[in-house]
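Reader: I have a structure open and would like to go through it with you. Can we start with the fold and then move to the contacts?

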Amino acid sequence: MSRQLIFNIFRYNPQDPGSLPRTDTFILEETPSMTLFIALNRIREEQDPSLQFDFACRMAICGSCGMVINGRPGLACKTLTKELPAEITLMPLPVFKLVGDLSVDTGTWFRTTNTKIQSWIHTDQEFDPAVVEERMENDLANAIFELERCIECGCCVAACGTANMREDFVGAFALNRIARFMLDPRDQRSEAEYFEVVGTDQGVFGCMGLLACEDVCPRELPLQDQLGILRRKMGFISLKSLFKPKARAAS
Amino acid sequence: MSGIDTAIYVRQPSRTAAYLDWLQMLTGAGLILFMWSHMVLVASVNLGPQVMNTIAYFFEATYMAQVGGPIIGATMLLHFILAARKIPYTSGEQGAIWRHAKMLHHTDTWLWLIQAFTAMVILVMGSIHIWTVLTNLPITAAKSAMRVQTGFWGVFYLILLPCVELHVGIGFYRILVKWGLIKRSGRKGLHRFENVLTGVFILIGLITIIRFWTLPV
């Protein structure tokens, strides 16, 4: 016989002045290969149509269904109920603005942070649609793609102790993103320009190395390695300018 | 004209965060090395009080105790000031990290809280210890035994020892992963190594405290 799953789900609608934060319990019979995506949709269809949560792709590509599953940030669509105990507690991701119940607004946070770290290719080359695209070594393209796999689900930010304490910390997402541009030969930014963006206490030096980002990332991005490499790179850039005072003027 | 710093209005690119992070790591690494050597000196009493006295005399004769001691004390204070930049002080921040750690069930996050808590204990008790030892040079096994057997000092060291060893062990692990010296593949192994290392040092420390406790004075 299949398990009876008990779902404790955070409920709160900030739009409704009468709403108070509470936990609602739903009971659902487990079905084969059930994911939290399936479970939540069934609860909404069969038990409570007012339950708010976000989904789009149901295959760990869109990054909208990030939530706190039994204490750990993760993607609901990628989490099988059989991997969880019979009692499952679902909470919205912290740090981000709460839309209602399990739905949070990650978009505004990512938009702001992407702007802050200037998350685009900086180049003075004019784009010419008639010219064949410049070639890139396959290994390099793969290395860039490895970091480009981030889906901006927000799990690393929600799991980050620093981000939970300090609003202005850019998080593993942004540092991984900068690492990706530093690899890209099309981005013409200098070391000093990258340093200006992430060589701060709001950037890589704000990271305290708790590595929850690495442990929860649903895409298993190499965040531990990227944060370490970036800290060393930024550290050495700062030392270089210490020994070459003239290079400082260039920044 | 009086000088008004325009950086008040327009943020200047600054290397300060990087330098402070370097200093925090380097003072931490230096103190880790010191604590390991410290353990060798103190635990040498288990091989006989004479062995410890000989080592202590070497540090005395070379002025390493008289000069090095205060330097270590100052390094500890500097390391505290640098690392305290990361420690939550407002009740809002403290509440945030506490709720976060309870939610996440994540070992490394708890280890960080232990690191921050033991830091406060070491700041106070470590300072008292350094003051007591350095105002009563030279170091000898007999004097150390006398102290451990007097008043509250035995309990004092039973509290300070695990705090220091946990802080040193976690700090050692944290520096290596934070600066990317240990990669993803090596993290689990390093974690295990750090646990064993901390356990072994606490054990040696306990044996040493018991030895001082039972040393005839």
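**Chain folds and contacts**

Author: This is a predicted model. In chain A, 65% of the contacts with a separation of 6 or more are between residues 24 or more positions apart.

Reader: How many helices and strands are there in chain A?

Author: Chain A has 10 helices and seven strands.

Reader: And what does the C-alpha trace of chain A span along its principal axes?

Author: About 70 × 40 × 30 Å. Of the 251 residues in chain A, 42% are buried.

Reader: What does the domain assignment give for chain A?

Author: Domain 1 covers 4-104 and domain 2 covers 117-250. Their C-alpha centres are 32 Å apart.

Reader: How many residues does each domain put into the contact?

Author: Domain 1 of chain A gives 15 residues and domain 2 of chain A gives 12 residues.

Reader: Which strands supply the domain 1 side?

Author: Strand 3 (66-69) and strand 4 (72-75) of chain A each supply at least two residues of the side that touches domain 2. Strand 4 has the largest share, with four residues.

Reader: How does that side of domain 1 divide into nonpolar, polar and charged?

Author: The side of domain 1 of chain A that touches domain 2 has 10 nonpolar residues, three polar and two charged.

Reader: Switching to the other chain. How many residues of chain A and chain B are in contact?

Author: 30 residues of chain A contact 28 residues of chain B.

Reader: Which helices of chain A are on that side?

Author: Helix 5 (161-165), helix 8 (212-216) and helix 9 (223-243) of chain A each supply at least two residues there. The largest share comes from helix 9 of chain A, at 10 residues.

Reader: What about the residue classes on the side of chain A that touches chain B?

Author: That side divides into 11 nonpolar residues, 12 polar and seven charged.

Reader: Now helix 7 of chain B. What should it span, and how far apart are its end C-alpha atoms?

Author: Helix 7 of chain B runs over residues 153-178, which is 26 residues. At 1.5 Å a residue it should span 38 Å, and the end C-alpha atoms are 36 Å apart, so the two values agree. The expected span is 1.5 Å times one less than the number of residues.

Reader: Which residue takes a positive phi just after helix 7 of chain B?

Author: Gly180(B), with a phi of about 70 degrees.

How values were computed:
Residues numbered from 1 in each chain as written. Chains lettered and ligands numbered in written order. Predicted model: local features only at pLDDT ≥ 70, side-chain atom pairs only at ≥ 80, totals over all residues. Contact = placed C-beta atoms within 7 Å. Nonpolar A, V, L, I, M, F, W, Y, C, P; charged D, E, K, R; others polar. Domains from an automatic or database assignment. Buried ≥ 20, exposed ≤ 12 C-beta atoms within 10 Å, placed from the backbone.
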